[in-house]
Amino acid sequence: DTAVSLSNVRKTYRIGEPVHALDGVTLEVPRGAYIAIMGPSGSGKSTLMNLVGCLDTPSEGTVVVGGRDVGALSDRERTTLRGTEVGFVFQTFNLMPRLDALENVALPQLFQNVDRATRRDRARDLLERVGLADRADHLPNELSGGQRQRVALARALINDPAIVLADEPSGNLDTETESDILDLFDEFHGGGTTMLVVTHERHVAERADRIVHLLDGKIERIEELDGADEPT
Ligand code: ADP
Ligand code: ADP
């Protein structure tokens, strides 16, 4: 069973000289996999995440997410697919500054036709899972970096996405907080969520079962990590 499949994907930006941000990428991500993406700045990591996250479409080749060919969908269909299949965790958290933690977590459900009481119950549930039940009514600027990241993670999971995309999820965090966040990733991965994590940090990447190394828009190599085939 495949969560994400890219075949011969090319993404070309044409502002002046054409740039192939991705150049012939083929990658199968099985359901439930935990994959880290590494590579120098400009190697195509964000472009890859944007395609898998249905934020963008390939210039050539196909991207299939949750069984749908992303390039063949209308903008509206892509938005729907993104809302149901994908949860995003950004380095800068992207929390709404005037909404409290609970409201931030509940936000993606606004677009899913769920009533307010159910939204708040579910948001409270998730805050509990990330260990922030007692901070539900705090605004983002009243939370530490690690707490904000946990709010962002809870929000990413509220629509029960099949795939979680995290871009440098622990870049701003101290070692202990980082390891808490990565433990949460392990927990969600253990529950069957497919994880794709972009990171510059080797020790973060090593939580995954496979590291995809990008270089100049191409897959340079795929590294299988020890224990990847052991049941968890
Ligand atoms: P990474 O995330 O690994 O740093 P990116 O995917 O952001 O790499 O970028 C890959 C290449 O595509 C870079 O050369 C970058 O300058 C170019 N690029 C990315 N996004 C755009 C864009 N919106 N317009 C033009 N060029 C872009
Ligand atoms: P944690 O250990 O939970 O990550 P830190 O205290 O290490 O929290 O802070 C991480 C980042 O968040 C730092 O950049 C810090 O300046 C910022 N930060 C922490 N607490 C607050 C706060 N109450 N208001 C604004 N920024 C904060």
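Which residue of S7 is the bridge partner of Gly87? In the predicted model described here, that partner is Val164. The two strands concerned, S6 (residues 86-89) and S7 (residues 163-167), pair in the parallel sense over four bridges. Along S6, the side chains of Val86 and Phe88 point one way, whereas Gly87 and Val89 point the other way. The residues on both sides of S6 are all buried.

A separate description applies to the open sheet, in which four strands follow the order S2-S1-S4-S5 with antiparallel pairing. Strand S2 (18-30) and strand S5 (68-69) each have a single partner strand and stand at the edges, so one side of each lacks a neighbour in the sheet. Helix H1 (residues 45-52) packs on this sheet, where it touches strand S1 (2-14), S2 and S4. The direction of H1 makes about 125° with that of S1.

The individual pairings may be taken in turn. Ten bridges join S1 and S2 in the antiparallel sense, and Leu6 stands opposite Leu27 in S2. These two strands form a hairpin with three residues between them. In the turn, Gly16 has a positive phi of about 75°. On the pairing of S1 with S4, five bridges are found and the strands run antiparallel; here the bridge partner of Arg10 in S4 is Glu60. Strand S4 (residues 60-65) is in turn paired with S5 over two bridges, again in the antiparallel sense, with Val65 standing opposite Arg68 in S5.

Leu81 is found in helix H2 (residues 75-85) and is buried, with a relative accessible area of 7%. Leu81 and Arg68 are separated by 13 residues in sequence and by 8.3 Å in space, C-alpha to C-alpha.

Helix H4 (residues 116-129) comprises 14 residues and reaches 20 Å from its first C-alpha to its last, close to the 20 Å expected at 1.5 Å a residue. Within H4, Arg119, Ala123, Leu126 and Leu127 are buried. Seen down the axis of H4, the buried residues fall within an arc of 100°, so they line one face of the helix. An α-helix has 3.6 residues a turn, so residues three or four places apart point the same way. The face of H4 turned away from the buried side carries the exposed residues Asp121 and Glu128. The buried residues of H4 pack against helix H3 (101-106) and helix H5 (145-157).

Both ends of H4 can also be described. At its start, a side-chain oxygen of Asp115 reaches to within 3.1 Å of the backbone nitrogen of Ala117. Following H4 is Gly131, whose phi is positive, near 80°.

Helix H5, against which the buried residues of H4 pack, contains Gln149. Gln149 is buried, with a relative accessible area of 1%. A polar atom of the Gln149 side chain lies 2.3 Å from the backbone oxygen of Pro169.

Conventions:
Residues are numbered from 1 along each chain as its sequence is written. Chains are lettered from A and ligands numbered from 1 in the order in which they are written. This is a predicted model: local features need pLDDT of at least 70, side-chain atom pairs count only at pLDDT 80 or more; totals for chains, interfaces and linings use all residues. Side-chain values use heavy atoms; hydrogens and water are left out. The expected span of a helix is 1.5 Å times one less than its number of residues. Buried means under 20% relative accessible area, exposed over 50%, partly exposed in between (1.4 Å probe, protein chains only). The arc is that of the directions from the helix axis to the C-beta atoms. Contact means heavy atoms within 4.5 Å. A polar contact is a pair of N or O atoms within 3.5 Å; within protein, one must be able to donate a hydrogen and the other to accept it, and residues adjacent in sequence count only if both atoms are side-chain atoms. Two strands pair if DSSP finds at least two bridges between them. Axes are lines fitted to C-alpha atoms, for helices over the stretch in contact, and angles run from 0 to 180 degrees between N-to-C directions.
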